[in-house]
Amino acid sequence: MPIDSAGPTGNLLLDALSDLDRALIASHLEAVTYARGQTVFEAGEQVAHVTFPCHNAVLALVVTTRDGRIAETATIGHDGVAGGIVAQGRVPAFVKGMVQIGGPMLRLEAERLEEAASQSASLRDLLTRYTDCFVAQLLQTAACNALHPIEQRCLRWFLTLQDRIGGDTLPITHELLAAMLGVQRTYLTRILRLLQDQGLIRVARGRITILDRPAVSAAACECHARVRLHCEAVLEPVYAPERRDREPVSRTRAG
Ligand SMILES: [Zn+2]
């Protein structure tokens, strides 16, 4: 189903496109709805489509080990896109794309995106900048996993997810969170209780509520803030649109 080429899509990356760039792909975007736990692409599969999560939908990129365990390597929400973004031609997916929070997404044939990018320097620039932000997330996560304690990793994860879905309530089960952080469920439950005792979160069945975002930010490691700042600098229309909206005011002031 083609989307309205003028209206907002609920994906910040698509909504940051210029009218010309949007016109190149709008008629090829296909609306799909995914449920939690669904697989969008398997590791090793040829990536035929790129997928843009919209509104609150979130995709997790997970690595499955030989003994069947999974660990999250990155999450992609309404600020991004999954699937061979920088690749030319079809390539196998390195990780599995799994729906973490179900909802609407837009799909586009990877070849259509390549074709559009070959016609537009500004579209190429946007995709390259997004890739830089995505790689920053991966690099910081690697450092975080190696250096920071589980409590802080957990809080980083909550902040990242809250950025993607808005609101204070994160619809996430203990099983999934444990799998995403690569720890045993019973161990995770102890950690969550500790964070709850500190007044940072409230834990309920199937959801975790962030009670005090500034306190959670202060208690978390620097990883979330570091990635956020980098992304705001590299891709302002997506990560700091309010700054762009304010710009004409300061320009007027400057004369
Ligand atoms: Zn960290």
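**Close-up 1. C154, a buried residue in helix 5.** In this predicted model, C154 sits in helix 5. Is C154 buried or exposed? C154 has 24 other C-beta atoms within 10 Å, so it counts as buried, the cut-off for that being 20 or more. Set aside the neighbours within four places in sequence, and C154 is in contact with L181, I191 and L195. For a sense of distance across the model, take E236: it is 82 residues from C154 in sequence, and the two C-alpha atoms are 27 Å apart in space.

**Close-up 2. Helix 5 from end to end.** Helix 5 covers residues 150-165, which makes 16 residues. How far apart are its end C-alpha atoms? They are 22 Å apart, and this agrees with the 22 Å that the helix should span at 1.5 Å a residue. Its buried residues are R153, C154, L155, R156, W157, F158, T160, L161, R164 and I165. When you look along the helix, keep a general point in mind: an α-helix has 3.6 residues a turn, so residues three or four places apart point the same way. Just after helix 5 comes G166, which takes a positive phi of about 70°.

**Close-up 3. Helix 5 against helix 7.** Here helix 5 and helix 7 pack with their axes 10 Å apart, at an angle of about 75°. That angle makes helix 5 roughly perpendicular to helix 7, because angles from 65 to 115 degrees count that way. Which residues meet here? From helix 5 come I150, E151 and C154, and from helix 7 come I191, L194 and L195. Sorted by class, this contact has five nonpolar residues, no polar ones and one charged.

**Close-up 4. Helix 6 against helix 7.** Helix 7 (residues 185-197) also meets helix 6 (residues 174-181): their axes come within 9 Å and cross at roughly 100°. Helix 6 is therefore roughly perpendicular to helix 7. On the helix 6 side, the contact is made by H174, E175, L177, A178 and L181; on the helix 7 side, by R185, L188 and T189. How many of these residues are nonpolar, polar or charged? They divide into four nonpolar, two polar and two charged.

**Close-up 5. Helix 4 and what it packs against.** Helix 4 runs over residues 121-147, 27 residues in total. From first C-alpha to last it reaches 39 Å, close to the 39 Å expected at 1.5 Å a residue. Its buried residues include L123, L126, L127, Y130, C133 and F134; Q137, Q140, T141 and C144 are buried too. What do the buried residues pack against? The partners are helix 1 (12-15), helix 2 (19-25), strand 5 (70-76), helix 3 (110-119), helix 5 and helix 9 (223-234).

**Close-up 6. N145 in helix 4.** N145 also lies in helix 4. With 16 other C-beta atoms within 10 Å, N145 is partly exposed. Its C-alpha atom is separated by 32 Å from that of D15, 130 residues away along the chain.

Close-up 7. Where is G77 found? It is in the loop between strand 5 and strand 6 (96-101). G77 is buried, having 23 other C-beta atoms within 10 Å. Leaving aside neighbours within four places in sequence, it is in contact with P53, V58, R164 and I165. R207 is 130 residues from G77 in sequence, and 18 Å from it in space, C-alpha to C-alpha. H55 has its place in the loop between strand 3 (49-53) and strand 4 (58-64). Although it is not a glycine, H55 has a positive phi of about 55°. It is partly exposed, with 18 other C-beta atoms within 10 Å.

**Close-up 8. R228 in helix 9.** R228 is found in helix 9. It has 20 other C-beta atoms within 10 Å, so it is buried.

**Close-up 9. How confident is the prediction?** The protein chain has a mean pLDDT of 88, and 90% of its residues reach 70 or more. Over residues 247-255, though, the pLDDT is below 50. Beyond near neighbours in sequence, this stretch has zero contacts in the model. Where pLDDT is low, the predicted coordinates should not be read in detail.

Note on methods:
Residues numbered from 1 in each chain as written. Predicted model: local features only at pLDDT ≥ 70, side-chain atom pairs only at ≥ 80, totals over all residues. Axes fitted to C-alpha atoms, helices over the stretch in contact; angles between N-to-C directions. Helix = DSSP H or I, 4+ residues; strand = E, 2+ residues; numbered from the N terminus. Parallel < 35°, antiparallel > 145°, perpendicular 65-115°, else oblique. Contact = placed C-beta atoms within 7 Å. Nonpolar A, V, L, I, M, F, W, Y, C, P; charged D, E, K, R; others polar. pLDDT = per-residue confidence, 0-100. Expected span 1.5 Å × (residues − 1). Buried ≥ 20, exposed ≤ 12 C-beta atoms within 10 Å, placed from the backbone.
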